[in-house]
Amino acid sequence: MRRTLLIAGAIVAGLIALSPAAGRAQNAREEIDALIKDYLATHPDEVGQIVKGYLVRHPEAVGEILAEVLKHRPSKTAANNGASPAPKPTPDRSAEIAGNAAALFSSPHQVTLGNPHGDVTRIVFFDYSCGFCKRALPDMLTLIKDDPNLKIVLKELPILGPGSAEAARIAVAVRMQDPEGRKYLAFHQQMLGGAGPAGKDKALAAAKDQGIDMARLEKDAASDEVGATLSEDSKLAAAMGINGTPGYVVGDNVVLGAVGLAALKARIEAARSRGVN
């Protein structure tokens, strides 16, 4: 009951903050803030269990929380002169990309979308439980629609728990039935378009929705091909210095994080202008 009151108080506080009667709302808001602070101070173990339970159910939230904290943390230089901190440069991975070119750009295990003979390739390492990957999905769909000379390669990197790994196995099995990638793209959109963490049940439901042969799917999901695909993708990500999702390879550059559509287009055009595939 006390927990319910606490949550209700937080909601009421938010509604009060939006009220036009700001003067009358101020005292009520302060009382609710005091109630919440008192509860947090006197029930640390219970609050800790609530937070732990939420993070277990929503592992993608960890990365989002950390990213939000880092986004608002000023650098020493910014603190001194009031300027925004400069983005951290991505290490030069051109040698690693060249050394792994065959597996990166033309592996028999990969999913290829867009123009398979495009003049620039954008490789995406992703996890179906990753909140940032979900947010970046519209960027990929826009690039496919707007850039007919772009080749997009998808590589599984299930790093956010057992549910991610189970979903990745089903995804590889979907790819094995769909060499042209049409059903896979619909499956991919459904998985990243849904809320919450991924898992086997969600992946099976998405595969069934796309008309996949479910009996064959279960067999393929346990095959050596799935293991070989996930192992290759993991090794490639490590070689590229990609330890989070999403991570991209664009031409001869590695791009870390969901940088947004404009930044991706700029990288693609830069690679195109240099003649880098």
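Q: Which strands does helix H13 lie across?
A: Helix H13 (residues 224-240) lies across S2, S3, S4 and S5. H13 runs at about 110° to S3. Axes here are lines fitted to C-alpha atoms, for helices over the stretch in contact, and angles run from 0 to 180 degrees between N-to-C directions. Contact means heavy atoms within 4.5 Å. Helices (H or I, at least four residues) and strands (E, at least two) are DSSP runs, numbered from the N terminus.

Q: What kind of model is this?
A: This is a predicted model, where local features need pLDDT of at least 70, side-chain atom pairs count only at pLDDT 80 or more, and totals for chains, interfaces and linings use all residues. Residues are numbered from 1 along each chain as its sequence is written, and side-chain values use heavy atoms, with hydrogens and water left out.

Q: How many helices and strands are in the chain?
A: The chain has 14 helices and five strands.

Q: In what order do the strands sit in the sheet?
A: The order is S1-S3-S2-S4-S5, in an open sheet with mixed pairing. Two strands pair if DSSP finds at least two bridges between them. Strand S1 (111-114) and strand S5 (253-256) are the edges, and each pairs on one side only. From one strand to the next, the twist averages 25°.

Q: How do S1 and S3 run, parallel or antiparallel?
A: Antiparallel, with four bridges joining S1 to strand S3 (residues 150-156). Leu113 stands opposite Ile152 in S3.

Q: And S2 with S3, parallel or antiparallel?
A: S2 and S3 pair in the parallel sense, over seven bridges. Phe125 has Lys155 in S3 as its bridge partner.

Q: How much of S2 is covered?
A: Seven of its seven residues are buried. Buried means under 20% relative accessible area, exposed over 50%, partly exposed in between (1.4 Å probe, protein chains only). In a regular strand, side chains alternate between the two faces of the sheet. In S2, Val120, Arg122, Val124 and Phe126 are buried on one side, and Thr121, Ile123 and Phe125 on the other.

Q: Which strands does helix H8 touch?
A: Helix H8 (residues 131-146) packs on the sheet and touches S1, strand S2 (120-126), S3 and strand S4 (247-250). The direction of H8 makes about 155° with that of S3.

Q: Switching to cores: which residues have the most contacts inside the largest nonpolar one?
A: Tyr128, Leu154, Ile170 and Phe187, in a core of 41 residues. H8 gives the most to this core, with six residues. A nonpolar core is a set of buried Ala, Val, Leu, Ile, Met, Phe, Trp, Tyr and Cys residues joined through side-chain atoms within 4.5 Å.

Q: What is Phe187 in contact with, beyond its neighbours within four places in sequence?
A: Its partners are Tyr128, Ile170, Ala171, Val174, Ala203, Ala206, Ala207 and Gln210. Another core, of 13 residues, lies apart from the largest one. Among its residues are Ile97, Ala237, Val249 and Val254.

Q: How far does helix H9 reach?
A: Helix H9 (residues 162-177) has 16 residues and reaches 24 Å from its first C-alpha to its last. That is close to the 22 Å expected at 1.5 Å a residue. The expected span is 1.5 Å times one less than the number of residues.

Q: What covers the buried residues of H9?
A: The cover includes S1, S3, helix H10 (182-193), helix H11 (200-209), helix H12 (214-221) and H13. Gly163, Ala167, Ile170 and Val174 are among the buried residues of H9.

Q: Is Arg169 buried or partly exposed?
A: Arg169 lies in helix H9 and counts as partly exposed, at 30% relative accessibility. Neighbours within four places in sequence aside, Arg169 is in contact with Ala221, Ala222, Ser223, Val226 and Leu230.

Q: Last one: where is Gly275 found?
A: Gly275 is in the segment after helix H14 (261-274). Gly275 is exposed, with a relative accessible area of 65%. Gly275 and Asp119 are 156 residues apart in sequence and 7.9 Å apart in space, C-alpha to C-alpha.
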